[in-house]
Amino acid sequence: MPETIDDDSVGIVETQTIHFSQALTLECDKTLAEYDIAYETYGELNADASNAILICHALSGDQHAAGYYSMDDKKAGWWDSAIGPGKAIDTKQFFVVCLNNLGGCKGSSGPNTINPETGKYWGPDFPIVTVKDWALCQYRFMLSLNINYWCAVIGGSLGGMQVLQWTIDYPDLIKNAIVIAAAPKLSAQNIAFNEVARQSIMSDPDFHNGYYLEKNTVPRRGLMLARMLGHITYLSDDAMRDKFGRELREGKLNFGFDVDFQVESYLRYQGRSFVDRFDANTYLLMTKSLDYFDPAQNYDDDLALALKQTDAKFLVISFTSDWRFAPERSQEIVKALLQAEKQVSYIEIEASQGHDAFLIPIPHYMAVFTSYMRNIAEKLS
Amino acid sequence: MSQAIEHLSAMEDQDMGKQDMGKQGLRADLAIIAKWIKRDTKVLDLGCGDGTLLAYLREQRSVRGYGLEINPFNIEICVEKDINVIQANLNNGLKAYFSDNRFDCVIMSQTLQATEQPDLLIEEMLRVGREGIVTFPNMAHWRARLQLGLKGIMPVTKNLPNQWFNTPNVHLCTVNDFETLCKNHNIEILQRTVVDHSHKQGSALMNLFPNLLGEIAIYRFRRY
């Protein structure tokens, strides 16, 4: 809870919502007649609208990337470490936009909102949206703010995949692409983890085939399990060892199946608190969107060909201990970019925190990020 | 004799304190390389350091290029300079990133001697580029010879500042060694320059005895 707001914070922010009444046809061929997009903005759009930055969120993220909702707010937005006055994404220089992706559960149309055609919760009937659909949504959103292009699109993990999609689908509407801890597509192992997460949700007796909101319940245990599994893949072996080791919660073994070790307690806590802030159907949808992501597919499986059209400059960042999207996966992106003769820098940050590292203000990471953004800002004026 | 050695050592010490800069603030061996690079070409700089050469080439020659670098702090400076820099270990070769004949020129300045397999890396340079440029400290320079031959110690000079136990330079060579390697690998030497400690470019004498008087050797070469 911030008693005072730091000078480098964007301060108190609020979520806004735009209603789109123009129908949106999705990759799955279904059409949404209308939809809402919840978003936040930080900083000021300049006179020629040349300083707009789109932040793309990851699997469990949302539009609340920075700042606090009130002075009683316990936690700042999910990427507060990188967004704010004087921070890497400097809100004194840039107009920063982050929106809740379609299918999300924080105010944009999604499974936990009402389907205007039926008057009931969408639930499992909300169409499966893809990264490509999100880029389209973000494109329409951009135009609705009277912005003609993004001076940068930035994202980590699933957010980084949206950045890649932007350079492919709107190659001349993005000047800089910052792709962090991402991959050009999921591996079988990645998909396998997602499938276990989905199965744990769907096998919860409270899931009710996805119509749980109508039954006034939520598949708590399933969603909790899914999140616990996810968390294991976000941390590294080293990070877990550093954080928990084999430390016992009560200082002794209990010879039972309840929590003995701190790591168990941590995972349960993460799982439980996630249930209170996230929707299970959205989790299913987001993991599917991850699984389906493969932008090279429409280009003879040639990522370099897919990226050929764009003039964007790229910064690709990976983290040494990330095994969910390991540095090798970022290197695949870099290889394609080099093959396509794009402007690209690639940095592998020494970090012990695993996939989660992309959210942590590691000094070398922030230094590189800040310098890169400063160069973008310099070209604005 | 020992007095003579002392005297020479003192000369060395003096030289080591000298500014290692050439025209426009560019290190002199880099200035020579820059002269050899044509306008509007594509270059790859292996072990690009803080990106000084690439920044210079971009501004003065409209050269497009990438730098490969392993040191995180150098990479930070490269990004600051708006250089396209790829974090990579040259010892893993260039296959992971570059197809054949991608570049007009591949440069490796003061890096060759620190790589695991210099001969293979030179081959890689000529796979991805039409021409290669390398610079390296010449181990047969008279100062080095003096230290090894007369003092009986591993040479420590301005260009080889490390002690034998902590040097990154695991594959030092001489002008003659390098030329033998080129011959054996079917590589044509297009240009050779040697410079001395002040990076004054080849006097007639230095060109006559490059292996003895050249402190840093600079070569431009291509496949025969």
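**Figure 1. Helices H4 and H6 of chain A pack against each other.** In this predicted model, we start with helix H4 (residues 220–234) and helix H6 (residues 262–277), both in chain A. Two packed helices are described by the angle between their axes and the distance between the axes. Here the angle is about 125° and the axes are 8 Å apart, which makes H4(A) oblique to H6(A). Which residues of H4(A) and H6(A) make the contact? From H4(A) come Arg220(A), Leu223(A), Met224(A), Arg227(A), Met228(A), His231(A) and Ile232(A). The partners on H6(A) include Tyr266(A), Leu267(A), Gln270(A), Phe274(A) and Arg277(A). As for handedness, H4(A) passes H6(A) in a right-handed crossing.

**Figure 2. Helix H10 of chain A meets helix H4 of chain B.** Now look at two helices from two chains: H10(A) and helix H4 (residues 72–80) of chain B. Their axes come within 8 Å and cross at roughly 15°. Angles under 35 degrees count as roughly parallel, so H10(A) and H4(B) are roughly parallel to each other. The crossing of these two helices, H10(A) and H4(B), is left-handed. On the chain A side, you can find His364(A), Ala367(A), Val368(A), Ser371(A), Tyr372(A) and Asn375(A) making the contact. On the chain B side, look for Pro72(B), Glu76(B), Val79(B) and Glu80(B).

**Figure 3. Phe278(A) and Tyr283(A) form an edge-to-face ring pair.** Over all chains, the structure holds 24 aromatic pairs. In the pair formed by Phe278(A) and Tyr283(A), the ring centres are 6.1 Å apart and the planes stand at 85° to each other. Are these two residues buried or exposed? Phe278(A) has a relative accessible area of 8% and is buried. Tyr283(A), at 2% relative accessibility, counts as buried too.

**Figure 4. Tyr365(A) and Phe369(A) form a stacked ring pair.** Their ring centres lie 6.1 Å apart, with 15° between the planes. Where do Tyr365(A) and Phe369(A) sit in chain A? Both belong to helix H10 (residues 363–380), and because they are four residues apart there, about one helical turn separates them. Tyr365(A) and Phe369(A) are both buried. These two residues also belong to a cluster linked by ring pairs, together with Trp78(A), Trp79(A) and Phe319(A).

**Figure 5. Two arginines, Arg324(A) and Arg102(B), sit over aromatic rings.** In chain A, look for the charged end of Arg324(A) over the ring of Phe325(A), 5.8 Å from the ring centre. In chain B, Arg102(B) lies over the face of Phe103(B), at 4.8 Å from the ring centre.

**Figure 6. Asn115(A) lies in a loop of chain A.** To find Asn115(A), follow the loop between strand E8 (95–99) and helix H1 (131–144). Because its relative accessible area is 9%, and under 20% means buried, Asn115(A) is buried. Leaving aside neighbours within four places in sequence, which residues are in contact with Asn115(A)? They are Lys120(A), Tyr121(A) and Trp122(A).

**Figure 7. Chain B holds both helices and strands.** Here you can pick out nine helices and seven strands in chain B. Of the 224 residues in chain B, 52% are buried. Consider next the contacts in chain B with a separation of 6 or more: residues 24 or more positions apart account for 66% of them.

Note on methods. Residues are numbered from 1 along each chain as its sequence is written. Chains are lettered from A and ligands numbered from 1 in the order in which they are written. This is a predicted model: local features need pLDDT of at least 70, side-chain atom pairs count only at pLDDT 80 or more; totals for chains, interfaces and linings use all residues. Side-chain values use heavy atoms; hydrogens and water are left out. Rings of Phe, Tyr and Trp (its six-membered ring) pair if their centres lie within 6.5 Å; planes under 30 degrees apart count as stacked, over 60 as edge-to-face and the rest as tilted. Buried means under 20% relative accessible area, exposed over 50%, partly exposed in between (1.4 Å probe, protein chains only). A charge sits over a ring if NZ of Lys or CZ of Arg is within 6 Å of the ring centre and within 35 degrees of the ring normal. Axes are lines fitted to C-alpha atoms, for helices over the stretch in contact, and angles run from 0 to 180 degrees between N-to-C directions. Angles under 35 degrees count as roughly parallel, over 145 as roughly antiparallel, 65 to 115 as roughly perpendicular and the rest as oblique. A crossing is left-handed if the near helix is turned anticlockwise from the far one by less than a right angle, and right-handed if clockwise. Contact means heavy atoms within 4.5 Å.
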